[in-house]
There are 2 protein chains.
Amino acid sequence: MARTPRDVHLPISLPTPVRSRRLVDELLAAIVDGRLAEGDWLPSTRVLARQLSCSRSVVTGCYDELIAAGFLDGIPGAGTRVRAGARAAVRLGARSHVTEESAPVVVRGEGAVPRIIGDLRPGVPDGSLIDARRWRSCVRAATWTPEPSTAGTTALTAALGEHLRRHRGVHAEEILLTPGSSCGFALLGEAAWDSGIRRAFVEAPGYAEAQRELARVGFSVEPVEVDADGVCVGRLPDDRCLVYTTPAHQYPLGHRMSVDRRARLVEWARRTGSVIIEDDYDGEFRYDVPPLPALQALPGAREFVGYVGTASKTLTVGLAVAWTVPPGVLSDAVGRRYAERAWSVAEPVAGTLAEFISRGHLATHLAKVARTYRDRRNALSAAVIERCPEMPIIGVDAGLHATIVIDRVPGAQVRDRLERSGWLVRAVSDYPLADKQSVDGVVVSYARLTPASAVRFAEALRRAVPEVLSEGGGMIRT
Amino acid sequence: MARTPRDVHLPISLPTPVRSRRLVDELLAAIVDGRLAEGDWLPSTRVLARQLSCSRSVVTGCYDELIAAGFLDGIPGAGTRVRAGARAAVRLGARSHVTEESAPVVVRGEGAVPRIIGDLRPGVPDGSLIDARRWRSCVRAATWTPEPSTAGTTALTAALGEHLRRHRGVHAEEILLTPGSSCGFALLGEAAWDSGIRRAFVEAPGYAEAQRELARVGFSVEPVEVDADGVCVGRLPDDRCLVYTTPAHQYPLGHRMSVDRRARLVEWARRTGSVIIEDDYDGEFRYDVPPLPALQALPGAREFVGYVGTASKTLTVGLAVAWTVPPGVLSDAVGRRYAERAWSVAEPVAGTLAEFISRGHLATHLAKVARTYRDRRNALSAAVIERCPEMPIIGVDAGLHATIVIDRVPGAQVRDRLERSGWLVRAVSDYPLADKQSVDGVVVSYARLTPASAVRFAEALRRAVPEVLSEGGGMIRT
């Protein structure tokens, strides 16, 4: 058997201890961005294990997994290499899972391939904080069988109703399950359109998914300004329209809508007969501030506030479970639209999640992770305040991300610079309708940012601004 | 402790042996249709077990499940009763799972509550044919952890690519996973619209979901006639347009598109630059006829045929996994539209399904169930031919449903009459665009119809037509 000795170096490195999941992801990333071409030989497990300072069994396990999944070929007596078609397959797999504004997950640098130190783009909580033992126990308890049954969704609807009542003050007689919150925006938008509403407003800057779904319904979406108290109600017209808002933690700037502003918004909607879409995407998380229930829970709001939530932010991405509680006035119209669409959630996951909630694990989880996220928020805040004192950090009372305001350099240029040094963030100007307002800077998630990394990030940020300026960037806004 | 003896009779009966899943469903149905009101006491487990001639543990298990799910209250020392809010919760849970034209699952009769003997509406395969042990083993092997990962969808994309190549002749460089096939129709329709196509044709009669999704894109959908060879290509215009078709088993009439017709359709599309949506919803099943690969697999078809498939028909509803292979000419446009939507499938289910396919279980399953479905088809055919010789049964070569042609009475009246005797079917006229053609009758799924029940159904059908006539119905078409 010809044993071909090869001197292959794979340009990757990983934080120690090297975890199997990370290594698999890094190998897939290498296939996508061309560090590994189709047909390329991989280093032997012995060599790669030495390079990464990890046990050989970690590498062997990853190779086996990728061989089983069809990305690598294991050739007995010769070695392991990248299979033909692997790149397209990985790219599509990755693309099937876009959670945000469809920016590439893998950074393509200029010539050199940058290493990703941290992906701080908002939208992804730290799934590793979920108690995996409890989750697995719920998987078993849900005992989904392949026979057609709606037991999972039925149980989830009931469990979620309880949870929303206790945790968000939402009294949901109707909960519509969808595979994503954007389906909820579409349902509410279509029902509002059916009811004769023709103007739609989205917070500026705001959430691209919401803006796109409403545009798809037919609305030519108009921006509405936000300030530190939330949506500027005074800027809304004095007639019937649709408003998309994120009162728990404005997306992306991060403000919480004040109690006074909430009352005014509800009063305005009541007076004009308008409909509000409340996207409570990370409303379960708040730090050192009094709780504010959902907007829909305010007296008199139930009739015209539609509530949308998702398991992607409270638990983890990848469950494809979200929920919509329609406003009273549109209840029939939303129900009709929902019945027309074949939008269902996966029964096995619905059953598991129902168990997880009804056993009280979700409440426990939220309480536990809120402490962890607060620590991470504190570490990021402290690091930015110390290293970048001229950059105010805002939106830190709630949610899982903050905005760092930068006033001499456009956020997009700082974002690019940070990307080249291995940190992925978003610029405020990445968000739709953002050009209508004056705050600029970068939007940073601390959900998966350890305190040690927060200091490294703040240092990279401190270096980024003068680097942009020395390259002739910046100074566009004065 | 006050023990209140109650003499409660619950108006349900079930086929023996009574199965736990059935009893749960029947109790939920009773809550929805008012046989059980909120606050009503249920019979004791002893009494209900006697009424149903089943073991008391079956009843106890069901009560416990419904108590745990929040639909019933178990009151120690007193009994079990329907919880406040249960009806709304059940109704919504059921509604979250509409798979077809949103007809009610529970029949409301005139006064009396009819008992459902068999639901023969198409669209639901027999999930109980799946090897539950193998499925559970795949659940364990997929070992999904809550950490954000696309390993499940990546593996599913690879496994599905292999499966489609071997079983349908489809060479898929790109597979886009969506929670339902209607998402695929929307993606293909939007991309076709982006490419400048403005006319869309749907088979008449045809699939409501497809018609609705294309209408939502903006097309004013036009019907195109089908005959026993499939879509009438000669009726299509001589310029660029979009055509939705179900060549493996025309939905709902059931014809397979002939080889000659396929070649003509492809030639027409090539000549006019048109785009075809091939909905291969139950293309895996065929009986006693030569295999026909997917339309997309024909020479030269890859460029302009978009392929859509779903696990809902090959395995079971409730997985919320479907796939789209875009046509070559729209590959970029579909990819762009897909990246914009947050349509993802549940990672745990994707991982499980990837295991199930890559271990060869799906291929084994399809081979096994094809035999079972053929037997059921044979039983239905034989029963109809014997009991209702004047009603031709068509579309039996493939798929999981057949059409029984009735020429003196409108199918909708026969459908209503059958419903009152406990059989749920669809009328050909229930399908959109159906008024444009002359065949009428009922569409009947045999996927879950045992040979014994097939005889009972055929007898009910034989009685239905004279009953409709004696009530003064029918004779509308002459």
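User: In this predicted model, which residue stands opposite Arg426(A) in β16(A)?

Analyst: Arg426(A) stands opposite Val443(A). The two strands concerned, β15(A) and β16(A), pair in the antiparallel sense over two bridges.

User: What makes two bridges enough to say that β15(A) and β16(A) pair?

Analyst: The rule asks for at least two bridges between two strands. β15(A) and β16(A) have two bridges, and therefore they count as paired.

User: What is the order of the strands in the open sheet of chain A, and which are its edge strands?

Analyst: The four strands follow the order β12-β13-β16-β15, with antiparallel pairing. The edge strands are β12 and β15 (426–427) of chain A, since each pairs on one side only. Inside the sheet, β13(A) pairs in the antiparallel sense with β16 (residues 441–445) over five bridges, and Ala402(A) has Val444(A) as its bridge partner there. On the other hand, β12 (residues 393–394) and β13(A) pair over two bridges, with Ile393(A) having Ile404(A) as its bridge partner. The hairpin of β12(A) and β13(A) has six residues between the strands, and in this hairpin Gly395(A) takes a positive phi near 75°.

User: What makes β13(A) a mostly covered strand, and which way do its residues point?

Analyst: Five of the five residues of β13(A) (residues 401–405) are buried. His401(A), Thr403(A) and Val405(A) point one way, while Ala402(A) and Ile404(A) point the other way, and all are buried. In a regular strand the side chains alternate between the two faces of the sheet.

User: Why are β12 and β15 of chain B said to stand at the edges?

Analyst: In chain B, four strands form an open sheet in the order β12-β13-β16-β15, and the pairing is antiparallel. β12 (393–394) and β15 (426–427) each have a single partner strand, so one side of each is left without a neighbour in the sheet. Within this sheet of chain B, β13 and β16 pair over five bridges, and His401(B) stands opposite Ser445(B).

User: Why is Arg376(A) called buried?

Analyst: Arg376(A) has a relative accessibility of 13%, and the cut-off for buried is under 20%, so Arg376(A) counts as buried. This residue lies in helix α13 (residues 361–387) of chain A. Leaving aside neighbours within four places in sequence, Arg376(A) is in contact with residues including Asp126(A), Tyr446(A) and Arg448(A).

User: Which residues touch the most other members of the largest nonpolar core?

Analyst: Phe457(A), Leu461(A), Phe457(B) and Leu461(B) do, in a core of 239 residues. Beyond its neighbours within four places in sequence, Phe457(A) is in contact with several residues, among them Ile404(A), Trp423(A) and Val444(A).

User: How do you know what relation chain B has to chain A?

Analyst: Chain B can be laid on chain A with an RMSD of 0.1 Å by a turn of 180° and a shift of 0.0 Å along the axis. That is the relation of a two-fold axis. The same surface serves both copies, as 98% of the contact residues of chain B recur in chain A. The contact takes 66 residues from chain B and 65 residues from chain A, and the area buried between them is about 5,700 Å², with carbon and sulfur atoms giving 59%.

User: Why is the meeting of Arg341(B) and Glu213(A) called a salt bridge?

Analyst: Their side chains meet at 3.8 Å, N to O, and the cut-off is within 4 Å, so the pair qualifies as a salt bridge. The count between chain B and chain A is five salt bridges.

Notes
Residues are numbered from 1 along each chain as its sequence is written. Chains are lettered from A and ligands numbered from 1 in the order in which they are written. This is a predicted model: local features need pLDDT of at least 70, side-chain atom pairs count only at pLDDT 80 or more; totals for chains, interfaces and linings use all residues. Side-chain values use heavy atoms; hydrogens and water are left out. A nonpolar core is a set of buried Ala, Val, Leu, Ile, Met, Phe, Trp, Tyr and Cys residues joined through side-chain atoms within 4.5 Å. Buried means under 20% relative accessible area, exposed over 50%, partly exposed in between (1.4 Å probe, protein chains only). Contact means heavy atoms within 4.5 Å. Copies are superposed by least squares on the C-alpha atoms of residues with pLDDT of at least 70 in both. Buried area is the accessible area (1.4 Å probe) that two parts lose on being put together, summed over both.
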